[in-house]
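Hello,

Here is the structure you are taking over. My notes on it follow below.

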Amino acid sequence: MNDNNQNSPSKFCAGCGHPIVLLALGKTLEEMGLSKQAVLGLDIGCSLLAINFLPINTFHTHHGRVSPTMVGFKKARQDSICLGYTGDGGAYAIGLQSLLHSAKRDEPITVLVVNNTVYAMTGGQTAPTTLKGQKTITDPDGCKNAPILGPELMRQVADPKAFLARTAVNDIKQAREFIKKAIETQQAGHFSLIEFLSFCPTNWRTKGQETLEYLENLKKVFKIGVI
Amino acid sequence: MVNSRQFLTGSEVFVRAAIDSGAGFMFGYPITPASEILSGWINSGKKYLQTEDEIAAGFALCGAVLGGEKAFTATSGPGNILMQDGLSMAEGMRLPFVMVAAQRGGPSSGTVIYSQQEVILSCFGGNGEGMRFVYSPSNLSELYKFTRKAFNDAWHYRFPAIILTDGYLLKTKGVIDFAKIGEIKNISPRALVPKDSVVHWPNIYTFEEELYQEIKLAKDDFEKVAEDIADCESYQTDKADILLVAHGIVGAAAKEAVDELRKKGINAGLFRPITLRPLARKKLDKIAGQESVKKIVVVESSLGQLARIIRDQIAPEICAEFAYMQYPGLGIETEAIVDFVAGLRVVSGEI
């Protein structure tokens, strides 16, 4: 166990959406007075870079395994606020089985999914959220299938009291509202998941305004709001 | 007052040991022959979670111990393969991950009762160096004792601990006398992710040197505690000609075979490793290094998984010849071992 990176600068790429989600989370926890109870489990992928971003307890898990790890942590420590932080691949591909069953069993954990439509850390391969027609390293001719709509899929199996929503990193106000609602849902003993549509200028190969337009375009396929 | 002598199956013995160890939670996915541990635990009224697969059971177990809960899982064969994912995290973060591996025949779905084919998987599975304690009990009483020890060692030394058994021992019903085992004190669990301070606890590193330091630290610690943990039974080994090496229930059969062989005038002894990781190598070297020892016969229900560990760990200067009795996934009875050893001596012209 170490804190060796505590004071080092953020390792996220310039223009990445992750810091926005993490800041929204940190501020909301602070406002709710829950920073001490919060435990942020990190999936592998760009999510792992959040290890020293916030002054709350964090630890790495494995790729796709953050939800079962947080389910176990919550069983051990019911007064904690268990947060699983993951990308779209960790959530909806390699970790989907666990995520679905966590929702199905209504486990009182909160899963924060950062959806940038690609496997970003490994170089921009097709993700379960890649849009139909989107070109990636592994689909150079464009992805042939429609993306998985995570919160909508979870809705099929989740308890009616589970909180499932989608927001975007260019709407901080809504992001913070949803985070608060998700944590309150966990406190009430239910499952919650928020998907954040997020920037990845590195793999989208976009600049400035283009990145924002790309994100806005995603909202046509990924419906914003409570699901 | 409860009678200290009880008539129990191996699964019941394990559940009792886990309860007596102060375990509070089990994560598990049904798989023969480990399912009776899950149902036995549930019937005892303890807290549990039946997960969607063994991967989830392994990681939920990691999460629970990070939170400070003394918890465990039980699995077998294909489930043991999936469990290596969580075990690898436990090894990387030095988590007290306690697991029963009830071996079944492999590869693939194989059979469900008798096998010693999960030795290498249990000792060295995962993308690491096998920094874990692996206990191989040979009877019900040892199953109880070493389960208690596994929980204590895991929480005391902070390494994963595996009780390696099989369907045969878990389904065996026999008398176990708890009075003879005596009292065992429990090591208390503690919250590994603290409640009153903040930690950022990585298991992935930017630089090779950072990871190397973590591995080196774990290696040094593992070697330091190996002396305390390593355990074996040495039976009739003093000045033995033939040294049998066997573990688990095959070890129990080999012990009887030593008596039978001695009745036939064959001077046999047994080195039975109780811990496969770490191995009681000093004891092994001392026994196998005796001038009297002409042959080391490794007996196992696998194609040489124990033999690989023994050959790797034994001092290189020990020059006794090796012989192998290997029946992968088959039961090995005393008579078969006696015949095999007697046959060896005829073939080699010795008497």
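Ser108(B) is found in the loop that runs between E5 and H5 of chain B. Please keep in mind that this is a predicted model. Ser108(B) is not a glycine, yet its phi is positive, at about 65°. With a relative accessibility of 61%, Ser108(B) counts as exposed, the cut-off for that being over 50%.

The loop holds another backbone feature. Gly106(B) and Pro107(B) are joined by a cis peptide bond with omega near 10°. Pro107(B) sits between strand E5 (98-103) and helix H5 (119-124) of chain B.

A cis peptide bond is also present between Thr32(B) and Pro33(B), where omega is about 5°. Pro33(B) belongs to the loop connecting strand E2 (25-28) with helix H2 (35-43) in chain B.

In chain A, the residue to look at is Arg205(A), a non-glycine residue with a positive phi of about 55°. Arg205(A) is placed in the loop between helix H7 (201-204) and helix H8 (208-218) of chain A. Its relative accessible area is 65%, so Arg205(A) is exposed.

Next, the helix packing in chain B. Two packed helices are described by the angle between their axes and the distance between the axes. For helix H3 (residues 54-66) and helix H4 (residues 77-93) of chain B, the angle is about 30° and the axes are 7 Å apart. H3(B) and H4(B) are therefore roughly parallel to each other, since angles under 35 degrees count as such. The crossing of H3(B) past H4(B) is right-handed. On the H3(B) side the contact is made by Glu54(B), Ile55(B), Ala57(B), Gly58(B), Phe59(B), Cys62(B) and Leu66(B). H4(B) contributes Gly79(B), Leu82(B), Met83(B), Asp85(B), Gly86(B), Met89(B) and Ala90(B). By class, the residues of this contact between H3(B) and H4(B) are 9 nonpolar, 3 polar and 2 charged.

Last, chain A as a whole. Its secondary structure consists of 8 helices and 9 strands. The radius of gyration of chain A is 16 Å, close to the 17 Å that the globule rule gives for 227 residues, so chain A is as compact as a globular protein of that length. The C-alpha trace of chain A spans about 50 × 40 × 30 Å along its principal axes. Of the 227 residues in chain A, 61% are buried. Taking the contacts in chain A between residues at least 6 apart in sequence, 65% join residues at least 24 apart.

Regards

Methods
Residues numbered from 1 in each chain as written. Chains lettered and ligands numbered in written order. Predicted model: local features only at pLDDT ≥ 70, side-chain atom pairs only at ≥ 80, totals over all residues. Heavy atoms only, no water. Helix = DSSP H or I, 4+ residues; strand = E, 2+ residues; numbered from the N terminus. Buried < 20%, exposed > 50% of the residue type's maximum accessible area, 1.4 Å probe, protein only. Axes fitted to C-alpha atoms, helices over the stretch in contact; angles between N-to-C directions. Parallel < 35°, antiparallel > 145°, perpendicular 65-115°, else oblique. Left-handed = near helix turned anticlockwise from the far one by under 90°. Contact = heavy atoms within 4.5 Å. Nonpolar A, V, L, I, M, F, W, Y, C, P; charged D, E, K, R; others polar. Rg over C-alpha atoms; globule rule 2.2 N^0.38 Å.
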